[in-house]
Amino acid sequence: MLQEGAHGKWTVSSSDESAEENSDTEKPCTSSLSDAACGRTSGPQYRCSEARKAAHKRKASPLKLTDENLSTEIPPVAKQRPSQEGSGWCLSSSDEEPEDQQKHAHKEAVKVEKYDVPKEHPLNLCKDDRLSENLKEEEYNETPSEAQDTWDLVTGGNPFRFFLTKVSGIEHSYNSGALHIKDILSPLFGTLISSAQFNYCIDVGWLVRQYPQEFRKKPLLIVHGEKRESKAELIAQARPYENISFCQAKLDIAFGTHHTKMMLLLYEEGLRVVIHTSNLIAEDWHQKTQGIWLSPLYPRLCKGASGSAGESATNFKSDLISYLTAYSSPVLKEWIDLIQEHDLSETRVYLLGSTPGRYQGSDKEKWGHLRLRKLLKQHALSIPAQESWPLVGQFSSIGSMGADGSKWLCSEFQESLVAVGSSGTTFRKCDVPIHLVYPTVNNVRQSLEGYPAGGSLPYSIQTAQKQLWLHSYFHKWSAEITGRTHAIPHIKTYMRLSPDFQKIAWFLVTSANLSKAAWGALEKNGSQLMIRSYELGVLFLPSAFGLDKGYFHVRRKMLPEWKDSATYFPVPYDLPPEKYGSKDQPWIWNIPYTDAPDTHGNMWVPS
């Protein structure tokens, strides 16, 4: 069936897809683990999504535009079908359900055209060279002066404690205010006693190597959402390490994931909390744009302190304990007790989490987008003409939004994001402009990683073809201000800005993508909120930083010497975002791109 939208024509398969699709996060795939058990190395040696598995395959076996192997990579039926004119999507027919995508990569038709590889990208690597390139993802070593810079950065003039991850391959100056995981785990930050790592995709061996040698045998708790075979494989990864234990997060609602990314670091000197957006795998800390909130060092309270001692004005301590309590895990009781024993009063951000469940009454406002709505009503100041202040959402994956905006995006979700003050003012449907930032095909093609960067953007054709209306909200990824235009974003951010994009009413960095699974969806005529996944983020509100005007200014230069005050917030990408042009398409991971080479001279055939 041919469909036409603002961004070209798409030929889509006939399919009886499930009405309830929630493929917003990176769906689990464990077939590569089975491959490894059989002595094959076609994929990563840890659980990951089909999209990331396809990226690993293309990195291990690149397809040049002149590669004769192409003919064997494209399904025979597909080769007989010409692609649509222009740069449309073309799929073979399929009866595959969305939830079955984790088992079978979709087979697509492609139009093969010959292009010369650009001379500025002469990366025609042999197998050994590619191995060397892969190892570079893991290499990270600081000089003593860089270590001192990192320490100064964390202890000095960053009132927001919001950082980006370091990116390999960009100008050095753009990494001067950034952190690598090895920085976070460095003894400069504290003498580690034990740690807990909450995450989605975990390479245990790589994670252990990120700890300094003297901390590698300290107790490490890994909190995950794996089940059955993938759980067994994760435990098998940790078999060589006697200090590692596990906590399995309960996921009782279909399609849910443990998507939270957090570190709890207990030191001899105190406690630190890190909430971030990176999976615990090498590629997520190599050439992607990621976000980190790094707490202050929380000192231990005096013995005999009251139960409410050490609380912040933002209620961060009790909210973090509530979030951990939601796991209903005896293993996490030790960490809850440790948090209780520390002084978190210097925290200036609000915690915003999602936990799986169906919530009614006052419990509805504890999690997801209704939690954001409550926080904004309680703590965001009303600003004149605020109905004209647009919303910006930026993310790396997209769930099923429904047949039109009224189903969720421009109704309950938007209502939460535009909440302000205690007046409960609401605006008519889509009166408030919405700008959604999601990478285009060209963003991915021209990235540092090339097409394989799209493995961390698992927006599928099955979802996209049902919501072409959504693409009219899309804006390109551009981050010249942080030198990260070519570092594909895995960070997720949401904010409310003035019409001239000079002021910010609030800013959120989170693990939550644009999906009902992550944020929750109302049921039973609005009396119940259903959330599928675990997510976690932190909300920056001007009032918590001593600002009484109701907004931050947007920082226009991302230089370390900007240490003036909490007045200027460091938005990590360019504002205002640029709307998709007529030839731009959103990146869709499970269709081929063969019309132009990426920065390594390769094309993308995911099958």
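A: What follows starts with the sheet, moves to the annotated residues, and ends with some aromatic rings and a helix pair. The model is a predicted one.

The sheet is open and has eight strands, in the order β6-β5-β13-β11-β10-β7-β8-β9, with mixed pairing. In general, strands of a sheet pair through backbone hydrogen bonds, and the pairing is either parallel or antiparallel. At the edges stand β6 (178-179) and β9 (244-248). Each of these two has a single partner strand, so one side of each has no neighbour in the sheet.

One pairing can be followed in detail. Strand β10, residues 262-267, and strand β11, residues 271-276, are antiparallel and joined over five bridges. Within this pairing, Met263 is opposite Val274 of β11.

A helix also packs on the sheet: α10, residues 316-325, touches β7 (192-198), β10, β11 and β13 (291-294). The direction of α10 makes about 115° with that of β10. Helix α10 is mostly covered, with seven of its ten residues buried. The buried residues of α10 are Phe316, Lys317, Asp319, Leu320, Ile321, Tyr323 and Leu324. The list includes Lys317 and Asp319, which count as charged. As background, an α-helix has 3.6 residues a turn, so residues three or four places apart point the same way.

Next come the annotated residues. An unreviewed UniProt entry gives the annotation "active site" to His259 and His490. His490 is in the loop between β19 (488-489) and β20 (492-497). With a relative accessibility of 0%, His259 counts as buried. The relative accessible area of His490 is 0% as well, so this residue is also buried.

The structure holds 32 aromatic pairs. In one of them, the ring centres of Tyr438 and Tyr459 are 5.8 Å apart and the planes lie at 85°, so the pair is edge-to-face. Tyr438 is in the loop between β17 (434-437) and α14 (441-445), and Tyr459 is in the loop between α14 and α15 (461-464), 21 residues apart. Both tyrosines, Tyr438 and Tyr459, are buried.

A second pair joins Trp477 and Tyr573; the centres are 5.5 Å apart and the planes lie at 50°, so this pair is tilted. Trp477 is in the loop between β18 (474-475) and β19, while Tyr573 is in the loop between β26 (568-569) and β27 (602-603), 96 residues apart. Trp477 has a relative accessible area of 2% and is buried. Tyr573, at 2% relative accessibility, counts as buried too. One aromatic cluster is formed by Phe160, Phe162, Phe507, Phe540, Phe545, Phe552 and Phe569.

The axes of α12 (residues 368-379) and α13 (residues 409-417) come within 7 Å and cross at roughly 35°. Helix α12 contributes His369, Leu370, Leu372, Arg373 and Leu376 to the contact, and α13 contributes Glu412, Phe413, Glu415, Ser416 and Leu417. Five of these contact residues are nonpolar, two polar and three charged.

Key. Residues are numbered from 1 along each chain as its sequence is written. This is a predicted model: local features need pLDDT of at least 70, side-chain atom pairs count only at pLDDT 80 or more; totals for chains, interfaces and linings use all residues. Side-chain values use heavy atoms; hydrogens and water are left out. Axes are lines fitted to C-alpha atoms, for helices over the stretch in contact, and angles run from 0 to 180 degrees between N-to-C directions. Helices (H or I, at least four residues) and strands (E, at least two) are DSSP runs, numbered from the N terminus. Contact means heavy atoms within 4.5 Å. Two strands pair if DSSP finds at least two bridges between them. UniProt positions are given in the numbering used here, feature names are shortened, and annotations may be inferred rather than shown by experiment. Buried means under 20% relative accessible area, exposed over 50%, partly exposed in between (1.4 Å probe, protein chains only). Rings of Phe, Tyr and Trp (its six-membered ring) pair if their centres lie within 6.5 Å; planes under 30 degrees apart count as stacked, over 60 as edge-to-face and the rest as tilted.
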